[in-house]
Amino acid sequence: MIDLEQQKAWSLQTKLVRGATARSQFGETNEAIFMTSGYVYESAEEAEQSFNGEKDRFVYSRFKNPTVDMFEKRLALIEGAEDCRATASGMAAVFAALACYLSAGDRLVASRALFGSCQYICAELLPRFGIKTEFVDGRDEAAWRKALATPAQAVFLESPSNPGLEVIDLKAVCDLAHKAGALVVVDNVFATPILQKPLTYGADVIVYSATKHIDGQGRSLGGAVLGSKAYIVDKLTPFLRHTGPSLSPFNAWVLLKGLETLELRMARHCDNALKIAHFLDGQKAVTRLLYPALPSHPQHQLAMAQMSAGGSVVAFEIAGGKSATFRALNKLKLIDISNNLGDAKSLICHPYTTTHQRLTHEQKLEVGITDGFVRLSVGLENADDLIADLGQALKA
Ligand SMILES: *Cc1c(COP(=O)(O)O)cnc(C)c1O
């Protein structure tokens, strides 16, 4: 077996398929699912040594599990991060990444355009524990500069954001954040580890909802947090151990299978999304169109400098407000109405009344979510079939 250190020299594709595979004594080709909550010791002495740190081994699956461990180590190899811990969902990853690091009295600066539950954690939950959150327009470097002129302990951002596809200058924000003393946590869900590497721009911690493209086939929830050994071992691991948002070994196995095909799927997602964006560009019923790989995206150049392709999500506004938009969604025959994304199946949602319904009308408008705005997660079907479906629905 080629050890983990040597696997760092592998190409991306090889890491995705084989990274950190740990074979059992049976020599299975496929990664094994270790559905076990506990582990057996040879002696009481061994149990003692396992708990006092003299011996490094599996003791309980809330702490560590062989299948989950493979997923964590493989994702760390792919991201180029020192270490990784998996969680039961993307939201468990976001919450743990911030809550393990921040304390009462600390200051968090976050971009305003966030996934609904990320916004809730920053705006509602963390402040209940004495953490002060300030939101800024993530696209505005001057706003970051102003907010980070005061010392802060953490910065949280999504780029591109869900669902408005706002792009943030990662290098500029990381530099400002570090001068303010802040740890930079990047939610990289939309870009995936295939299209964007925030660590190379100075980010400290990367979070994923593995539910999205990493599974990519709508089967299981999962999440991950990646960062330096010091952060993962000293801050995150004790938090996860004692609060318990552990990933199931079965789901870790599903996600390992997802990683094997992630690069292939992302290529098709991005090709299809670009074709659909070009098609929507000429539609009379489409009053606003956002896709990072189109020159019409307000931050096209920055997006393409940071990402190797535009991603799987196309966002657009349908003329005529909520009723016309609902009519168009209801006419779709192939594309499903669903709030998930990054799936093999194309899915569309109306953030105003679903994922972001909790925000006030004004808050929605601030991040571009009008009542005609839709988020299309482009799947792996034939692009022409998807275009035909959108064409007939928009004609109404
Ligand atoms: C879906 C999503 C999450 C939450 O992930 P879950 O796996 O659903 O908990 C967090 N951030 C972004 C940007 C997302 O799209």
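The residues lining the largest pocket of this predicted model divide into 14 charged, eight nonpolar and three polar, where Asp, Glu, Lys and Arg count as charged, Ala, Val, Leu, Ile, Met, Phe, Trp, Tyr, Cys and Pro as nonpolar, and the others, Gly among them, as polar. The largest pocket holds about 680 Å³ of space. Of its 25 lining residues, D56, K64, D69, D83 and R85 are the closest to the centre. On a 1 Å grid over the protein atoms alone, a pocket is an open set of points with protein on both sides within 12 Å along at least five of seven lines, a cavity is a set of points where a 1.4 Å probe fits but cannot get out, and lining residues have an atom within 4 Å of a point. Grid points are joined across faces, edges and corners, and a volume is the space filled by probe spheres set on the points. At least two lining residues of the largest pocket come from each of α1 (4-7), α3 (44-52), α4 (66-79), β1 (83-87) and α10 (229-243), with α4 giving the most, five residues. Helices (H or I, at least four residues) and strands (E, at least two) are DSSP runs, numbered from the N terminus.

Residues are numbered from 1 along each chain as its sequence is written. In this predicted model, local features need pLDDT of at least 70 and side-chain atom pairs count only at pLDDT 80 or more, while totals for chains, interfaces and linings use all residues; side-chain values use heavy atoms, with hydrogens and water left out.

A search of the whole structure finds four cavities of 30 Å³ or more. The largest cavity has a volume of about 150 Å³ and is lined by 16 residues, with R62, F63, E72, A86 and S246 nearest its centre. Its lining divides into six nonpolar, five polar and five charged residues. Two or more of the lining residues of the largest cavity come from each of α4, β1 and α10, elements that also each supply at least two residues to the lining of the largest pocket.

The protein is divided into domain 1 (4-260) and domain 2 (263-394), with bounds from an automatic or database domain assignment. The centres of the two domains, taken over C-alpha atoms, are separated by 27 Å. Domain 1 brings 40 residues to the contact and domain 2 brings 38 residues, contact being defined as heavy atoms within 4.5 Å. The second largest pocket lies between domain 1 and domain 2, because both give residues to its lining. By class, the lining of the second largest pocket comprises 11 nonpolar, eight polar and four charged residues.

P160 is found in the loop between β4 (154-158) and α8 (170-179), and P163 has its place in the loop between β4 and α8. A20, in the loop between α2 (12-18) and α3, has a positive phi of about 60 degrees although it is not a glycine. Most residues other than glycine have a negative phi, and most peptide bonds are trans.

Seven strands form an open sheet of mixed pairing in the order β1-β7-β6-β5-β4-β2-β3; two strands pair if DSSP finds at least two bridges between them. From one strand to the next, the twist averages 20 degrees. Strand β5 (183-187) runs parallel to β6 and is joined to it by three bridges, with V185 having V205 as its bridge partner in β6. Helix α10 lies across β1, β5, β6 and β7 (223-227), running at about 25 degrees to β1. Axes are lines fitted to C-alpha atoms, for helices over the stretch in contact, and angles run from 0 to 180 degrees between N-to-C directions.

Five strands form an open sheet in the order β8-β9-β12-β11-β10, with mixed pairing. Its edge strands, β8 (286-290) and β10 (336-337), each pair on one side only. β8 and β9 (313-318) run antiparallel and are joined by four bridges. Helix α13 (321-331) packs on this sheet, touching β9, β10, β11 (347-349) and β12 (373-377), and its direction makes about 130 degrees with that of β9.
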